[in-house]
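Hi,

Here is the structure I promised to pass on. Have a look at it first, and then read my notes below.

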Amino acid sequence: MELNFDPFLLSLKLAFITTCFLFVIGILITYFIYFYTGRLKPVLKALVSLPLVLPPTVLGYYLLIFFRPEGWVGQISESLFGLRLVFSFPGLVIGSVIFSLPFMVNPILSAIENLPVHYREAAYTLGKSNWITLTKVLLPNAKHSVVVGLVMTFAHTIGEFGVILMIGGNIPGETRVASIAIYDEVEMLNYTNAHTYALILLIFSFAVLMAVYLYQGNKSRQII
Amino acid sequence: MIDLKLYKKLAGAEGDFVLDVALHIPAHSILGIMGPSGAGKTSILKMIAGLLTPEQGEITVNGKTWYHAGQSVYTKPQHRSVGYVFQDYSLFPNMSLRENLLFALGKDRNQQIVDEILDMMGLQALEHRKPDRISGGQRQRVALARAIVRHPEILLLDEPFAALDKTMRYRLQEDLKLLHQKFNTTTILVSHDPAEIVRLAQNLAVIERGKIIAMGRPSQLLTTLKSDVFEGEVMYIDTDNNEIIATSGHFIQAFPRQAATTALQPGDQIRVSADGLIVRKKE
Amino acid sequence: MRWICVLPFIFALVTNTNAQAPISVAVAANLAFPLRKIKQHYENTTGNRINLVVASSGVLTAQISNGAPYALFLSADMKFPKALYQSGKTQGAPQVLVKGRLVFWSKKKVTENQIGAYLATVRSVAIAQPKLAPYGQAAKNWLEDNKLYPSLERKLVYGENIGQVNRYIVAETVEGAFTAVSAMFSNELKNKGFWLPLSTPADEASLLTHGMVILKNESADPNQVKEFVQYLKSAEAQSIFEEFGYVMR
């Protein structure tokens with residue numbers, strides 16, 4: 001059986017779109033948590049990190065329940081945007097964004113929390129709002145962590161499996177990403193294809209991690 | 001003209017204490033604040049800037065109330081017209097010196113002032129460098145310029161030159177004098193250096209554990225007060241004369257040995273309060 | 001950094017160039033072997049394209065009830081298609097596609113009467129999840145009918161579908177397995193160990209009747225679906241099913 005590279009294209013597309021969405025969403029969430037001074041701050045941080053420890057199947061199962069056409073998120077999405085969220089690419093994007101959230105938010109948040117507090121205070125006394133302080137002062141001085149967050153989000157989305165299997169199924173061209181394709185080839189006893197796919201993913205993941213560590217280089221603070 | 005009444009419980013290294021001060025600062029003057037570390041000096045500046053909220057009191061600057069506990073008035077730091085210089089990490093490392101000043105100035109203001117100040121402080125040649133590519137003295141010079149570029153109503157300087165060597169410190173004091181002559185900004189200068197206070201400030205407040213223990217003209221106050229508030233390191237124990245010789249870094253002084261201080265060793269940090277009691281500072 | 005946000009849209013343009021969307025066919029795992037061959041023939045003769053989505057009948061049914069965009073469902077039984085028909089997810093009632101058979105695979109050659117004695121000596125036996133896969137249910141029924149189930153219960157290794165059971169056979173991680181007839185005629189498996197088709201009691205016949213049902217799916221071209229269903233009933237397709245050991249009604 002000939003080798004099909006569509007799953008890889010789909011994985012890359014999913015990872016690109018997820019990373020772009022998370023870049024914006026991650027910064028908004030970072031903004032909210034960093035400047036929030038109430039007592040619920042640990043709760044917010046725990047919520048963001050939850051996908052790190054929650055089994056992907058648990059997250060996928062509950063996303064499936066919410067996203068299904070009879071579920072309330074699914075109903076809203078279908079009636080407002082005509083968008084089906086289960087077994088569809090847009091659904092995968094939403095699932096991946098939630099699942100990869102800590103990989104974007106945690107490095108950025110911990111980096112700006114470790115910046116000298118004087119940066120923020122100086123910006124305030126210069127009349128700068130929280131948003132300007134974050135985007136013009138804090139984030140540019142945590143640039144390395146932002147890059148690490150982007151790369152890790154991208155790589156993590158490429159390797160995602162459990163959530164995608166739950167809410168995406170295994171639909172060629174729509175939700176059959178590289179990790180699912182490997183599973184499928186093994187199911188079909190096409191071990192040669194499975195090996196090839198797995199090797200490509202392995203090399204890709206290794207290259208990404210290498211790049212991150214090279215980029216971090218002799219920076220004192222290791223983020224991953 | 002600035003009027004302050006501030007009250008807040010603070011946590012210190014030697015237990016909690018209450019900051020309770022009232023200050024009147026005449027317009028266009030420089031007020032020096034001295035006192036041991038942890039006495040509440042920085043807290044006063046932060047409360048004026050709005051970075052820390054008092055529990056009680058009021059802050060009025062040139063007739064505008066920035067804070068009034070009774071009337072629940074609180075102006076955000078962004079809307080208070082202050083210039084603030086920290087001891088370190090003052091500048092934004094991602095911006096060049098010029099960008100630091102332009103960022104402070106804001107978008108819709110005339111950029112001429114930036115060139116003027118850079119020129120005045122001899123910084124044009126360095127204006128495109130990032131802060132990590134210039135010396136500590138130059139950094140504090142830019143920090144001063146950045147604080148004043150918006151023409152604040154009050155300038156808050158928190159030991160701005162403490163990390164610099166003596167020569168550089170002197171040159172920056174001259175710069176500050178120059179800036180003050182030009183802009184006439186009402187200024188509060190927190191410092192450990194009596195020479196700096198005498199050179200720059202018209203008034204001096206000495207603070208210990210949250211209270212003002214002395215207030216007056218620096219030259220008068222420092223000569224009479226020199227032995228009252230002392231903080232420094234034990235140099236030598238003179239057993240013949242039963243005296244402790246200590247240095248504050250600026251001068252040397254001898255204190256009579258007391259029963260409680262027999263265990264003191266050279267190198268120990270001590271503080272001598274107004275009544276002559278010697279206390280060993282915890283590391 | 002701003003340019004990075006443009007990439008996904010370029011990507012979307014590049015990857016969405018397929019003019020005619022292929023229809024998706026949900027296939028019970030045991031039918032994967034014949035369907036892959038049928039897909040090749042069908043695509044070569046008509047030029048149309050179809051996508052196969054393979055899983056256990058139970059998993060596929062759950063996905064379909066949750067809105068999975070499949071055009072056609074080929075199940076390993078009639079029960080799952082009927083359930084979908086009753087809940088209004090289908091276009092019309094299920095039809096019978098083919099009939100399959102349960103087979104027993106072992107490392108040593110045995111007759112049907114010797115299976116019990118053989119299994120008493122081995123460590124693990126693979127069957128499919130009875131709740132998800134009709135062949136798993138059939139295997140469980142066979143073990144119960146032969147009074148073997150209680151003694152074997154702790155040796156059973158469950159595959160989510162027949163594909164996983166076949167994987168255990170290929171890897172020879174089990175000494176015995178209950179799988180579908182298509183496995184013993186597949187290139188990947190036919191030369192492994194020994195194969196024994198099991199006699200199915202008459203009342204179990206319906207369990208291994210493979211149903212086909214057309215699903216409600218707005219995105220699928222109805223003509224294409226109809227054409228493929230016709231092809232599945234054609235002599236050419238039926239001969240491929242027979243090649244893999246399935247029988248017609």
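Which strand order does the open sheet of five strands in chain C have? The order is β7-β6-β8-β5-β9 in chain C, and the pairing is mixed. Before going on, a word on conventions: this is a predicted model, in which local features need pLDDT of at least 70 and side-chain atom pairs count only at pLDDT 80 or more, while totals for chains, interfaces and linings use all residues. Residues are numbered from 1 along each chain as its sequence is written, and chains are lettered from A and ligands numbered from 1 in the order in which they are written.

Helices (H or I, at least four residues) and strands (E, at least two) are DSSP runs, numbered from the N terminus, and two strands pair if DSSP finds at least two bridges between them. At the edges of the sheet sit β7 (156–159) and β9 (194–197) of chain C, each pairing on one side only. Within it, β6 (residues 125–128) and β8 (residues 176–180) of chain C run parallel, joined over two bridges, and Ala126(C) stands opposite Ala177(C) in β8(C).

Helix α8(C) packs on the sheet and touches β5, β6, β7 and β8 of chain C; contact here means C-beta atoms, placed from the backbone, within 7 Å.

Now to the other chain: the contact between chains C and A takes 24 residues from chain C and 20 residues from chain A. On the chain C side, α1 (7–15), β2 (50–55) and α8 (162–171) each supply at least two residues.

Best wishes

Technical notes
Two residues are in contact if their C-beta atoms, placed from the backbone, lie within 7 Å. Axes are lines fitted to C-alpha atoms, for helices over the stretch in contact, and angles run from 0 to 180 degrees between N-to-C directions.
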